[in-house]
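Trainee: Could you take me through a close look at a single part of this protein, and then show me how another part is put together? I would like one connected account that I can follow with the structure in view.

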Amino acid sequence: MIGRLTHAPVFREPSKRRVLILVLVALCAVLTLFPERKRAAMSLTPEAPPSLSISSGMSQLGALNSVFGNQSTVEVALKIAASPSVRNAVAEKLKLNQRLDMDRIHVLRWLDRKVDVRSMRGGIIQFEIQYGDGKLGSEIVAAYGEAVSAKLATISRNQATFKRDILVNIVADASERLQKAQTDYDNFRLQTRYGQPLAAITAIGERIPVLEQMIKSKQVELAAQRQFATDDNMRVRQILAELEALQAQLDEAKSIAPDKVDSVGQVVKESTRGERLRRDLLFAQVLHETYRRFLQSTAAEDMTSNINVRVLEPAYVDPARQYNYAPLMMGVLLVLLGIAIEFYTLRPPLQDRKLT
């Protein structure tokens, strides 16, 4: 190929060949520098304020999964930035169809081709455009950042609304459950006539050792009275009657029949039922309070829905010189081609020497 170029009519004469290559290289150099393209860029990082959202709590309860995470937030932001809706919002805000003298479809294609949206390390997203008008370029990347932020805010508000609707239903169910548990517990207190069921049941259970102690006291007193009187004595008969009554109360208290009043059976029955009703009431209260707090936090999530990005670098025009790389590469290729032709003419192959 080099040999054919060397013997071509244009490159056959060394002076003409060198002048032509120098002119082409100079033209590529000029095109590399002019027309000057200015690089406009901005960088931001998407974030969702976890301290003001309920996504973590809902995910722990298994109700919902968080839409935004660390890596997923960046991917969602990249997807939104590349969507036609964002390009359409940028075009409408800057009126690009008038400023670029294009229709809407060509403007969207032009933005898709010119604006470079990329993800960098650390979850940073950068919007970049190289265009001759630096002011328009900076306006475009700034509009991209605002459009992405607005779209993320819309998604956050929709998510908060969806979670709020779910929580409203959950709180309503929890309120009904709490009301039912409270009613059942109050009915139990009315039926058993226990203002404080656990304290009353405990008091009933403690009657047995008290009765046993009273019986022992009466037995000692009876033994002392019999030392000085017979069983026909009025005081002895009174002690025997009291002892008999205490023994009847003790037998009744030790009874395991659940229908016996103030008996062990009744204590076991009522304590089991009362404990179950109290557990249901406490669980309903905790569940209702937890869901109520989640519902209250949705208000803060609505207020912070616009706090979804941190702008690291506002839109700016890079002061560094920007080069047109296509003519630069073409000039490098022409220089390499000229060098190859010169080496070929200085040391042509043996077959080429015989031909000349």
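Mentor: Leaving aside its neighbours within four places in sequence, His288 is in contact with Val171, Ala174, Ser175 and Leu178, and in this predicted model His288 itself is found in helix 12, which covers residues 264-303. The relative accessible area of His288 is 18%, and because buried means under 20%, His288 counts as buried. For the protein as a whole, 33% of the 356 residues count as buried, and the accessible surface comes to about 22100 Å², of which 58% belongs to carbon and sulfur atoms.

On the side of helix 5, the contact is made by Ser85, Val86, Arg87, Ala89, Val90, Lys93 and Leu94, while helix 8 contributes Glu139, Ile140, Ala143, Tyr144, Glu146, Ala147, Val148 and Lys151. Sorted by class, this contact of helix 5 with helix 8 has nine nonpolar, one polar and five charged residues.

Finally, for contacts across the protein between residues at least 6 apart in sequence, 75% join residues at least 24 apart.

Definitions and conventions
Residues numbered from 1 in each chain as written. Predicted model: local features only at pLDDT ≥ 70, side-chain atom pairs only at ≥ 80, totals over all residues. Heavy atoms only, no water. Contact = heavy atoms within 4.5 Å. Helix = DSSP H or I, 4+ residues; strand = E, 2+ residues; numbered from the N terminus. Nonpolar A, V, L, I, M, F, W, Y, C, P; charged D, E, K, R; others polar. Buried < 20%, exposed > 50% of the residue type's maximum accessible area, 1.4 Å probe, protein only. Areas by Shrake-Rupley, 256 points an atom, 1.4 Å probe, with all protein chains shown as cover.
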